[in-house]
Amino acid sequence: MKSYRRELWFEVKKRRGFLNITPQVEQALAESGIREGLLLCNAMHITASVFINDDEGGLHPDFEEWLEGLAPEKPYSRYRHNGFEDNADAHLKRSIMGREVVVAVTEGRLDFGPWERIFYGEFDGKRRKRVLIKIIGE
Amino acid sequence: MKSYRRELWFEVKKRRGFLNITPQVEQALAESGIREGLLLCNAMHITASVFINDDEGGLHPDFEEWLEGLAPEKPYSRYRHNGFEDNADAHLKRSIMGREVVVAVTEGRLDFGPWERIFYGEFDGKRRKRVLIKIIGE
Amino acid sequence: MKSYRRELWFEVKKRRGFLNITPQVEQALAESGIREGLLLCNAMHITASVFINDDEGGLHPDFEEWLEGLAPEKPYSRYRHNGFEDNADAHLKRSIMGREVVVAVTEGRLDFGPWERIFYGEFDGKRRKRVLIKIIGE
């Protein structure tokens, strides 16, 4: 069994945003030399997500508006967590979108359907944050 | 390390529906010959889910009604994604229910609690769509 | 490839509650002797969650209030599932928070960001329920 580990760093300039990180994950997989196995990709911060969806320009503002409706940022005072922080909504938004994805690796590639892409979802940005890639297999 | 891959195809006749796919996943596991490991089962489409819950007849219409409340299908114009499409709500519903499950394989079986069953959740049906099973282990 | 399996049992005295189970998961990992691999930790019941977030005292009542807003416990009659049961809301809450986490194992440790902790989320408590840990690797 082989294993491979890599961190990706991102800094989203706004509080919230979505980044298509599929190319970086594919590059990590190529570097690993693993042909058959499982790839884990997770946010290392609890106010960010890694998820799989469609890279379509209208969908991302739809996600933003929808998440803001389900877990509003303001008023900050609505959340007990916001004593010294103002990011309680980011913890909730990340819970809906998920921390991680697990992707099959087949013949050295991400074993994806036609529209599957991996996104980093930032809900409390303006600082450098990390994503972990771990691959095991052969 | 052994690895095994299989696709399952489904066509749900309505826009939305839930299918208990546990028997097909168990059959794939038996075919793989893997006794100890991890099994990934994921939707290959970004408007469908694979999730684990109870196979109880009342629960499924509860899920349907609840998801429709959180991410309504209509009016289609409420979503930016719906320029050429009408399925933005399906992307959101799938985000709540999840893309994938990872299940422990122990002594050649799905290592489940008493009521755990695997479901395919369709949110934009009336066409053939795929689920991927990938198993690694020994 | 090595594999390791362990069950953890919990009894939450109230209907709902969150337990930080990171120490028990770390202990299981140490016992396994696995240095590089993947660790799956999942609820074995469909009215409970395993998720990763922050161990911050204000955040947990925020989660409780937020989940109760999205999937209210009462009136019980609002759910079809509640013929012989009263826990339909627990199935929905668990769907938001998730069934499982997959964590990278690197150099014998949970490969976590600074604030990542593993929680058991109980949504239908007052009885003994189980979490499964499965680790594969070398």
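What we have is a predicted model, where local features need pLDDT of at least 70, side-chain atom pairs count only at pLDDT 80 or more, and totals for chains, interfaces and linings use all residues. Residues are numbered from 1 along each chain as its sequence is written, chains are lettered from A in the order in which they are written, and side-chain values use heavy atoms, with hydrogens and water left out.

Let's start with A and B. The contact (heavy atoms within 4.5 Å) takes 34 residues from chain A and 28 residues from chain B. Together they bury about 2,500 Å², 59% of it on carbon and sulfur atoms; buried area here is the accessible area, with a 1.4 Å probe, that two parts lose on being put together, summed over both. On the chain A side, Leu38(A), Asp62(A) and Trp66(A) lose the most area to chain B, together 22% of what that side buries.

Five salt bridges cross this interface, each a side-chain nitrogen of Lys or Arg within 4 Å of a carboxyl oxygen of Asp or Glu. One of them joins Arg80(B) to Glu65(A), at 3.2 Å from N to O.

Now, which three residues supply 23% of the area that chain C buries against chain B? On that interface, chain C gives 28 residues and chain B gives 34 residues, and about 2,500 Å² is buried. The three are Met1(C), Ile46(C) and Arg80(C). There are five salt bridges between chain C and chain B too, including Lys134(C) with Glu36(B), whose closest N and O atoms are 2.6 Å apart.
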